[in-house]
Structures are given as structure tokens and as C-alpha cells.
Amino acid sequence: MCPPRIRYRIATHSAGVARASRRMVPVGSGRRRPDRCDRGSRRVPGAGDRRGERTAYRMVGSSFRTDHRHAAERRSGGGMSESAQRASHTPPPTTSTRHRPLTSSARGPQVASRVGIALGAAVLICFGTGLLSHWIQHPPSWFQWPAHPVWLYRVTQGTHVITGVAAIPLLLVKLWAVYPRLFNRPVFGSPLRMLERGSIALLVGSTIFQLGTGLINIAQYYPWKFFFTTTHYAMAYVAVGALAVHLAVKLPVVRTALRDKDSSEQTDEIGPRDGVSRRAVLTAASVSAGAAAVAVAGQTVPFLRWAAVLAPRSGQGPQGVPVNRSALAAGVDELARDPEYRLTVTVGGLRRRFSRAELLALPQTSAQLPIACVEGWSAGAHWSGVRLSELLAAVGTYRGGDIRFDSLERGGLYATSVLPHHHATDPDTLIALSLNGAPLDIDHGYPCRLIAPNRPGVLQTKWLSGIEVLS
Ligand SMILES: Nc1nc2c(c(=O)[nH]1)N[C@H]1C(S)=C(S)[C@@H](COP(=O)(O)O)O[C@H]1N2
Ligand SMILES: [Mo]
């Protein structure tokens, strides 16, 4: 049945219509209102009532003021009838005549909200796993990372890199969807608008920075080597802070866009309009994010290894384990092969030096443990060597305390590491002498290296020269 005209007019002045129309007006003017008699009935492509929706819309620059004015009504939920809500999805008549069509009607809150939710989720997971990794490497006093399960860091750091990489195509699509709005006028305006604009500038800038520096880092191109970790860490707070403000400001827009699901899906059924459809954009966003994720996941998930086209270290190194820095690159090649090599172990003032042969003469223990690099790649391996606790006991009485490992390598960020007490006493923590059944390759740390369960690769110090219990 045809709703009375008057009902529509009421609807157009309700909060719902203000909400739906505040950012879109039909392109071109003087279009007579579509007849709304059959709005409630099934829609047929080409039916008269679809005319308004087949029009390409452009976003209205001054929309934020309207947003603001109707925010309270929007929050209240509107209390509209369903038909009024549906009616509200079609933009009301407009007298404007000079709007130019955008290249695509898929640009706008529908796509921006959906891609934004996926992007926001990826960023938050990336942030959480990144924080963990940071705390493991620079533990605050209240933080303790367990030694078991041994694969946990492998999973959290793999997730960090996968979500970060998957976020890149999502960010690009998101920016594409909101691009015209980024340059809305006025540049400043009300305090709320300034907060919104400022948070978006911060958000876009810091997110591009985080994803960009992260990507460059996993590609092992370090133009700023000593700078990456601190900056990446600090900027993460900026990005997540800006994201929180952005979410708070945009929540009403997201709500509306998600509620308008019906209309957006039906609109797509109509077939091609100007430019690309929303569904095509959303599909492209999911497919590219999924493909990016799988392409890096291959460096950490064994059965995806074939797909690791984006992973710089999915290939095999010596003994079936990738190598991050070779002995030559670290400048330890000669020292490591020197027959005079000795490992110096210091426990509570007592000191003893071990040749590799002496280490091999101590009781040997094996463990299946992954190397899990902060860059996201990981590989399980079979290690054997001397249990750290037993090696310490061969020198003196270990009464607890963190333990420092020094490499033959001089300088360099990875030349030393510190192992917390509860990892030191774990039976799986080894001074490895062999890997996958053969003597440790020089690139994996010969004559001996640290391998401890559930630790970032960067702390698994290779080419050990000294072990010292810190008081
Ligand atoms: N002395 C030293 N130890 C080191 C490194 C290094 O550059 N120098 N790289 C670390 C990093 S970042 C990782 S991921 C692991 C990699 O071990 P692998 O090369 O045996 O796979 O070693 C760690 N131990
Ligand atoms: Mo690493």
C-alpha cells in the first residue's frame, strides 16, 4: 500500500533522514522525487523508485555541522518506523544543481566503515602483539613472559607481522574510500571538528609510518637501524591514541553505515552504476588483504611456505633454518673458527673457560624449539647441547638472577642479550652445539649459541664468548 505523502515528509524531518542525508545528495538537480508508493515492496531493477539510488552521490563538504547538530537525536535511536527508516535511505530532494559526480559511487561511509572495521581490528591486534614483543625485549618490572608453551612468541610475532602486512591494502582502500573528505573545508572550524581533523591527520600519518617502517624492516632494509625499534614503539601509541579518538568521533557514522546494509546490498543488485560497485571494492579489499596475509604467513606457518612470496626469509638456510646475519656479515668468521676459542662462564665470582670439546664432554640434552624472529619468520628445529642450568652448576652455585650472554661479535645491536631467571632454569634452555643432527653451522652460531624456549630470535645470541650471572 502506498504510504501517505505526509508520512514521508515527517520522515524527512526526523533524525533518521538527517542522518542518512547528511553526507549525500543526488548528483544533478531538479530530479523529481522518485515516487515512493512501492518502497515497501520488493525492488525490481529499473523500477521507478530506484531512480534516486542509481544516481551517483557526492559527499557534502559541510556535513560535519549537520552531524553535530543531529548527534543527540542520532544517539537517541530515532524511534522511527521501519518504513520511515527505509525511506530515509533515499536522499531527499535537493535544489542543488552544481554537484559534480564522483568517479565512483562506492566511495563513502559504506565502504569506509566496513574496511575501517577490518583495518581497526588488524591495527589493534598488531598493536597488542607488538606491545608484547616490546615488553619481552625490554621487560617492565611487573611483566613476566613464560618459557612455555615454546611456540607462543612464534604465534604472537607471526600475528604481528601478518596483521601489519594485511593492514596495508586495507589502509589503501580505506584512504581511497574517504579520499575526497580528507580535503573538506573548512580546514579547521569548531573545536570538535578540529579534534576530528587533527586525529585523522595523526592517524593517517602514524599508520602509514608504522606499516611502512614495519614493512621495510621485515624486508631487512634498515636505513635507520638504531632508530627503528624505539620509533616504531613510540609511534604505535600515537597511532592507537588517534585511532581511539577517530573511533569515538566516527561511531555514529559507522553505526548508520552498518544499519544501511540493506540498502547498500540492494543497490549493488541494480548492477553497474557510475564507476565501481561497493561490493567490488569490498571484495578487492578482502582478497588483497587475505593474499598479503597468506604471502607473509608462509614464513612462519610451515604448510603455507610455498606461498611466502612476500617473505624475504622463507628460503632455507644451512641445516634447514634461515639465517638472519651470517658470521661473515657479523665479522666473527675468524674468531669463531679459532682453535683457541673458549667460552667464559661466570657464576657468583667464579669463572671457568670451556673449549668446544669440553662443552661436548658435558651431558648433552636435546630440545625441539623454534627460532622466531621479530621480523615474523620462524622455523622449528632440533637443537642439542648443554643445559644452561647444568653448565652454570659446573662453574658455581647459581642463586638466581638474570644472565647476560655476550657474543664474539663486537658492537652491533645483537651482540649481547639478557635472559631472565625463570628462563635460565628452564630445562629446555640450552647452549646449543648442534642443530638438526649436525654440528652447529657457523652461520647459526658455531662454536655455540643460546637457544631458549619462547624467546624472540633477536635474544638467541649466536657465537657466544661469555655467559655471566648478573647479581
Ligand atoms: N651475535 C648475534 N646473535 C644473533 C644475531 C646477530 O646478528 N648476532 N641475530 C639474531 C636474530 S635477529 C635472530 S632472528 C636469530 C637467528 O638465528 P639464525 O640465524 O641461526 O636463524 O639469531 C639472533 N642471534
Ligand atoms: Mo631476528
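Student: How many of the 471 residues of the protein count as buried, as a percentage?

Tutor: In this predicted model, 52% of the 471 residues count as buried. The cut-off for that label is under 20% relative accessible area.

Student: What makes Thr461 buried or exposed?

Tutor: Its relative accessible area is 2%. Buried means under 20%. Thr461 is therefore called buried.

Student: Where does Thr461 lie?

Tutor: Thr461 sits in the loop between β11 (449-451) and β12.

Student: Which residues is Thr461 in contact with, leaving aside neighbours within four places in sequence?

Tutor: Phe405, Asp406 and Ser407 are among them.

Student: What joins β7 to β12?

Tutor: 5 bridges do, and the two strands run antiparallel. At least two are required, so β7 and β12 pair as well. Here Ser407 stands opposite Leu464 in β12.

Student: How many residues of β7 are buried?

Tutor: 4 of its 5 residues are buried, and β7 is mostly covered.

Student: What makes the largest nonpolar core a core, and how many residues has it?

Tutor: The label asks for buried residues of listed types, such as Leu and Ile, joined through side-chain atoms within 4.5 Å. The largest such set has 32 residues. Leu391 and Ile467 have the most contacts inside it.

Student: Which elements each supply at least two residues of this core?

Tutor: Two helices do, α12 (327-330) and α15 (388-393). The strands are β3 (343-347), β7 (403-407), β9 (430-435) and β12 (464-469).

Student: What is known of a second core?

Tutor: A separate core has 23 residues, including Ala112, Val115, Ala122 and Val178.

Student: What percentage of the contacts with a separation of 6 or more joins residues 24 or more positions apart?

Tutor: Such residues account for 73% of those contacts. The protein has 16 helices and 12 strands.

Conventions: Residues numbered from 1 in each chain as written. Chains lettered and ligands numbered in written order. Predicted model: local features only at pLDDT ≥ 70, side-chain atom pairs only at ≥ 80, totals over all residues. Heavy atoms only, no water. Buried < 20%, exposed > 50% of the residue type's maximum accessible area, 1.4 Å probe, protein only. Contact = heavy atoms within 4.5 Å.
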